[in-house]
Amino acid sequence: MIARGFHVWERRLASVDTNRIVRPFEWGLDWLDLERSSDDPGSRVSAWSREATDESERFFETTPTADYQRDGDVLRFPSTITTPYGANNTVTVRIFPAQSRGTAGTGKAVVVLPQWNSNAEGHVGLCRLLARFGVTALRLSLPYHDERRPTELERADYIVSSNVGRTLQANRQAVLDAKRTIDWLAREGYERIGVLGTSLGSCLAMLTMAHDTRVRAGAFNHISPYFADVVWRGLSTRHVRSGIEGHLTLDELREYWMPISPWPFIGRVRGRHVLLVYARYDLTFPVDLSRHFIEEFARQGIAHETARLPCGHYTTGKAPFKYLDGYYLTRFLVERL
């Protein structure tokens, strides 16, 4: 009865957005710097993805920049990746300074990566809560979100779509943007650095932590081992699946999107502080995927903390559940950084 009630609530909240567009399937070879060809594009993307996964240090390597521009509590800098959309090539970060910060090099800071299609105010309340408890929070606008969204889009469709190559590039871009944000924190003297991500942001935060040893704590809010499985099975991405289905199977999509999935990189966060949060009645990040992810941490003997929310995905943002979620995330970062 409880599950049924939450599922009805979740579906009602998901139906509020009426501007989801089913876009045509595309391989997106040009987004991967692969020449367009009709000769077995699946094999070419598969080989590209295997190499990116096997050589993930190179795949997620970013070059340093000195071009940081801070205007009050807004930080801007060029993204490592240049896309055809000028607005998307400048990273915007809102800074929420800790209200009781330590001296340079001892202060705590966390890079916050919001959920897919979050507006500019998404996670601002959480950032302020972290700041109140002595953790400087940097809210990163994801590629194709907020100021970075191309004018032809109503939603941030280009970061998760039926274009296989563009989805790979956009999520790689998000991780590189997060790493350049960490570079700035290091320049400012911070050494106690964490990452926090929700939903899509959770995946990106995990990838960032796995490929940046400066991150000592990661809070992952709504979790899955595979990027493709959430798109294929999730309530929020049915329109994306509609554009893909008939062209690819789930197994193929999982293989192609493995470089942007947490699964291959679980072992890379060993020895650091990890919080895994999932929701009991989640239809967007199916619960069996979340549990499988947690079980793999245990199987590999990787220390971690878990928290289970008594709600669903969308209802996490509703009272009283958002306060419980904020409590888990804030307490973890305050204690572990």
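How many aromatic pairs does the structure hold? Before I answer, a word on the model: it is predicted, so to speak of a local feature we need pLDDT of at least 70, side-chain atom pairs count only at pLDDT 80 or more, and totals for chains, interfaces and linings use all residues. Residues are numbered from 1 along each chain as its sequence is written, and side-chain values use heavy atoms, with hydrogens and water left out.

The structure holds 17 aromatic pairs, where rings of Phe, Tyr and Trp (its six-membered ring) pair if their centres lie within 6.5 Å, and planes under 30 degrees apart count as stacked, over 60 as edge-to-face and the rest as tilted. One of them joins Trp48 and Phe59, edge-to-face, at 5.5 Å centre to centre and with 85° between the planes. Trp48 lies in helix H2 and Phe59 in helix H3, so this pair ties together parts that are eleven residues apart in sequence; helices here are DSSP runs (H or I, at least four residues), numbered from the N terminus. Phe59 also pairs with Phe60, with the ring centres 4.7 Å apart and the planes at 70°, which is again edge-to-face. Phe59 is buried at a relative accessible area of 6%, and Phe60 is buried at 0%, where buried means under 20% relative accessible area (1.4 Å probe, protein chains only).

Let me turn to the helix that carries Trp48. Helix H2, residues 41-54, has 14 residues and reaches 20 Å from its first C-alpha to its last, close to the 20 Å expected, the expected span being 1.5 Å times one less than the number of residues. Its buried residues are Pro41, Gly42, Val45, Ser46, Trp48, Ser49, Ala52 and Thr53. Seen down the axis of H2, they fall within an arc of 165°, so they line one face of the helix, the arc being that of the directions from the helix axis to the C-beta atoms. What covers these buried residues includes helices H3 (56-59), H5 (164-187) and H9 (250-256), with contact meaning heavy atoms within 4.5 Å.

Methods. Helices (H or I, at least four residues) and strands (E, at least two) are DSSP runs, numbered from the N terminus. Buried means under 20% relative accessible area, exposed over 50%, partly exposed in between (1.4 Å probe, protein chains only).
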